[in-house]
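Open the model in your viewer and keep the selection tool at hand. Each stop tells you what to pick next and what to look for there.

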Amino acid sequence: MSGMGMEYLWVFVVLFAAAAQTVRNTAQRSLTAQIGTLPATLVRFLYGLPFAAVYLLALYALGDGSQALPQFSLAYVGWIALGAFFQVAATAALLMAMKERNFAVAVTLSKTEVLQVALFAAMFLHELPTRLALLAMVLATVGVLMLSLPPRGQVFSLSAWTSKSSVYGLICGACFALATIGFRGGAVEIAKLGVNSPWLSGAWGVLIAQAMQSVGLGAWIARTHEQGLHPLIQSWRISLLAGSMGAAASLAWFTAYAMQGAAPVRTLGMVEVVFSYIVSRRVFSEKLSLTEKLGMALMMLGLVLICLQL
């Protein structure tokens, strides 16, 4: 691929990540009602771990991993652990949000992370967004705030802005933002260790993060839930779908973080809202209110603006 093509490759990686994540969210939503929020959260990591391992082995077998195994630093492991912890919290909050509002709105609420990613990236990674990118993020956030209102759009009602869906969405966005910074920090750190392939960087990041998440969350569920991990085994078919798509999405996100800054990646990732809207209409037969449609339109305008600076 030409140098110009490689420069924009991250765009296609992000589009794939958003599509895979939409399928994963759809599968996880149905699991939440069956086995509960935390077990449905664990499915994403536990069933995705084997796919991440196979992908990494394939990279080395096909030659992209011809270099020696990296000597992981404490800083790298720390960044990945930070991202792994907050990704678990974000996924749980997202599933809770899905219980409160329809599918498309719940996914869109999680996008409150965009401005927070820009803030944290500037603070911890010294990655400053351009003016156009910042405008795109602001428009997207305004759209999210409109989507956080109850169906009747009680704009001046305090209860509207402090509804459960709004709170879960904000928590989800904050946790996803911190997870993004952790994973982007890991990608920057592993590059210092000599891993220059974004594909390898992504594969190692996902494998280590999902191993941490599977062990940590799995041990917690086994200890605190009466049936332990048994419900996850019973629902293995849909869990396998959620896990495989979750692994595919995570691998793509991690690879994109190795190619591009955190803020542009997450802003372009808002295209997931379009995918989730299609799923909402076609699969769950849900409808959006006028206020929700206007909010989604603002988010899409932000997506267009972020693309204009490519």
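**Stop 1: one turn of helix 10.** Select Glu 189 and Lys 192. Both lie in helix 10, three residues apart, or about one turn of the helix. Glu 189 forms a salt bridge with Lys 192, and their closest N and O atoms are 3.8 Å apart. Are these two residues buried or exposed? Glu 189 counts as buried, because its relative accessibility is 14% and the cut-off for buried is under 20%. Lys 192 is exposed, with a relative accessible area of 61%.

**Stop 2: confidence.** This is a predicted model, so colour by pLDDT before going further. The protein chain averages a pLDDT of 81. Of the residues, 81% score at least 70. Which element has the lowest mean pLDDT? Go to helix 1 (residues 3-7), where the mean is 55. Then jump to helix 11 (residues 198-224), which has the highest mean, 94. Where pLDDT is low, the predicted coordinates should not be read in detail.

**Stop 3: the second salt bridge.** How many salt bridges does the structure hold? There are two. You have seen one of them, between Glu 189 and Lys 192. For the other, select Glu 127 and Arg 184, whose side chains meet at 2.8 Å, N to O. Glu 127 lies in the loop between helix 7 (113-125) and helix 8 (131-147), while Arg 184 is in helix 10 (residues 164-192), so the pair ties together parts that are 57 residues apart in sequence. Both Glu 127 and Arg 184 are buried.

**Stop 4: the annotated regions.** The UniProt record, an unreviewed entry, places the feature "transmembrane region" at residues 42-62, 74-97, 132-148, 168-187, 199-222 and 234-255. Select 168-187. This stretch is 100% helix and 0% strand, with its end C-alpha atoms 28 Å apart. Now select 199-222. Here too the chain is 100% helix and 0% strand, and the end C-alpha atoms are 33 Å apart.

**Stop 5: a buried arginine.** Select Arg 24, in helix 2 (residues 9-35). Arg 24 counts as buried, at 1% relative accessibility. What is Arg 24 in contact with, leaving aside its neighbours within four places in sequence? Show Arg 44, Leu 94, Ala 242, Met 245 and Gly 246.

**Stop 6: aromatic rings.** A search of the whole structure finds seven aromatic pairs. One of them is Phe 72 with Tyr 76, a stacked pair with 5.2 Å centre to centre and 15° between the planes. Phe 72 is partly exposed at 33% relative accessibility, whereas Tyr 76 is buried at 1%. Now pick Phe 120 and Phe 124. Their ring centres are 6.2 Å apart and their planes lie at 35°, so the pair is tilted. The two residues are four apart in helix 7, about one helical turn. Phe 120 is buried, with a relative accessible area of 16%. Phe 124 counts as partly exposed at 44%.

**Last stop: a charge over a ring.** Select Trp 253 and Arg 266. What lies over the face of Trp 253? Arg 266 does, at 4.2 Å from the ring centre.

Key:
Residues are numbered from 1 along each chain as its sequence is written. This is a predicted model: local features need pLDDT of at least 70, side-chain atom pairs count only at pLDDT 80 or more; totals for chains, interfaces and linings use all residues. Side-chain values use heavy atoms; hydrogens and water are left out. UniProt positions are given in the numbering used here, feature names are shortened, and annotations may be inferred rather than shown by experiment. Buried means under 20% relative accessible area, exposed over 50%, partly exposed in between (1.4 Å probe, protein chains only). Contact means heavy atoms within 4.5 Å. A salt bridge is a side-chain nitrogen of Lys or Arg within 4 Å of a carboxyl oxygen of Asp or Glu. pLDDT is the predictor's confidence in each residue, from 0 to 100. Rings of Phe, Tyr and Trp (its six-membered ring) pair if their centres lie within 6.5 Å; planes under 30 degrees apart count as stacked, over 60 as edge-to-face and the rest as tilted. A charge sits over a ring if NZ of Lys or CZ of Arg is within 6 Å of the ring centre and within 35 degrees of the ring normal.
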